[in-house]
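Colleague: Could you walk me through this structure, one step at a time? I am new to reading strands and interfaces.

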Amino acid sequence: MRRFGLFRIGKLGFAIPLLQIQKILQGSKYYVLPRLPGAVAAVLVDDGQLVPLLDLGQILGENSHWEQPKQGYQVLVESEYGTVAFLADLTGRIVAEQKGTLSTITVKEKDCGTIGKFDYQGEEYNILDINFLAIEMTQGFWQNKPDTGGARRHQ
Amino acid sequence: MTVAGNRNLIFRLGGIGFLLELADVVEVVSQITEALDPGRSDIGQGIVSALQFRQTWVPVVDPALKLDVFSAVKLKDKAAIILHGSEGNWALLVDQVEELSAVENFKPCEVPFLLKVAAMGFYSQIKLLHNEPMIVFDPECYYGSNAVSA
């Protein structure tokens, strides 16, 4: 039975397969480092290791959420390339797949790191492709350009 | 102040912590305004000014330019760390010199694989001090024949 962690950050809902969630922290301190890629807001320190904190707002064309969630969760997720973290509001929950409805996505959404949608109690959550996002958001393929409406790939 | 011993010097730039091994540190100068000559700059080399130090002029390098760090600290409030390099003394412009800390207080910490490309050429080592990441500052990346222009 597959289960998802369902989270929200601002208006954006996102789902992460439970098996990929390594840890959920609350109130961890963030640190900005020089020359972080545009979609990496900061790093946090967990068990003596640095974890890149990705700004999901830049992926799906939302305005950056980086300023908001000082009291939210930090969701640490395993990727093939190391652990990454996402910010989330204090509304997270774990839900079994059969409790909601899975749906397909457009090609454009797939290109933005979403592999599907999960509808739960009338709310829509983007199922994230963590490996794709980890690479795309940390290797400079995404830029923070609010004037262009969010995420844009380098040409 | 003159510095020595088996400790690291902590300085800040744009709120970010850096550590500097003391081997190359000559002195920390906290009042620099009167000793600066901004006319002697070479921005291509990262040199923003010259500083009169011990009856001679030494180049002043602002690492914030290369690191793309925003600093809200005004020039008159900054400090200079005088370093001894292969081409003589030079000054590193920083927001604040914070403290000296014993080397054993720092714990090694790897730059995450996903951030290595972005950090390449700017820093390669990070250590934790009280669980805060401190970037190991490599002077040779910023001034001298091995430095690469920003």
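Predicted model: local features only at pLDDT ≥ 70, side-chain atom pairs only at ≥ 80, totals over all residues.

Colleague: Thanks! In β8(A), which residue is the bridge partner of Ser79(A)?

Modeller: Start with the strands themselves: β7, residues 73–79 of chain A, pairs with β8(A) in the antiparallel sense. Seven bridges join the two. In β8(A), the partner of Ser79(A) is Gly82(A).

Colleague: Which strands lie at the edges of that sheet in chain A?

Modeller: Six strands make up this open sheet, with mixed pairing, in the order β3-β7-β8-β6-β5-β4 of chain A. An edge strand pairs on one side only, and that picks out two strands. They are β3 (21–26) and β4 (30–31) of chain A.

Colleague: What angle does α2(A) make with β7(A)?

Modeller: The helix α2(A) packs on the sheet, where it touches β5, β6, β7 and β8 of chain A. Comparing its direction with that of β7(A) gives about 100 degrees.

Colleague: Now for chain B: how many degrees does the twist average from one strand to the next in the sheet with β9 and β10 at its edges?

Modeller: That open sheet of chain B has six strands in mixed pairing, ordered β9-β1-β2-β12-β11-β10. At the edges are β9 (96–102) and β10 (106–109) of chain B. Going from one strand to the next, the twist averages 35 degrees.

Colleague: How do the two chains meet, and what area is buried between chain A and chain B?

Modeller: In terms of contacts, 22 residues of chain A meet 23 residues of chain B. Carbon and sulfur atoms give 71% of the buried area. The total is about 1,800 Å².

Colleague: Which residues of chain A lose the most area to chain B?

Modeller: By class, the side of chain A that touches chain B has 15 nonpolar, six polar and one charged residues. Three residues together account for 40% of what that side buries. They are Pro34(A), Arg35(A) and Leu50(A).

Colleague: How many salt bridges does the rule find across the interface of chain A and chain B?

Modeller: Over all chains, the structure holds eleven salt bridges. Between chain A and chain B there are two residue pairs in polar contact. For salt bridges across that interface, the count is zero.

Colleague: One last thing: how many residues apart are Arg8(A) and Glu123(A)?

Modeller: These two form a salt bridge, with their closest N and O atoms 3.0 Å apart. Arg8(A) sits in strand β1 (residues 3–9) and Glu123(A) in strand β12 (residues 123–128) of chain A. The pair links distant parts of the chain, and the separation is 115 residues.

Terms used
Residues numbered from 1 in each chain as written. Chains lettered and ligands numbered in written order. Heavy atoms only, no water. Pairing = 2+ DSSP bridges. Helix = DSSP H or I, 4+ residues; strand = E, 2+ residues; numbered from the N terminus. Axes fitted to C-alpha atoms, helices over the stretch in contact; angles between N-to-C directions. Contact = heavy atoms within 4.5 Å. Buried area = accessible area lost by both parts, 1.4 Å probe. Salt bridge = Lys/Arg side-chain N within 4 Å of Asp/Glu carboxyl O. Polar contact = N/O pair within 3.5 Å; in protein donor to acceptor, adjacent residues only side chain to side chain. Nonpolar A, V, L, I, M, F, W, Y, C, P; charged D, E, K, R; others polar.
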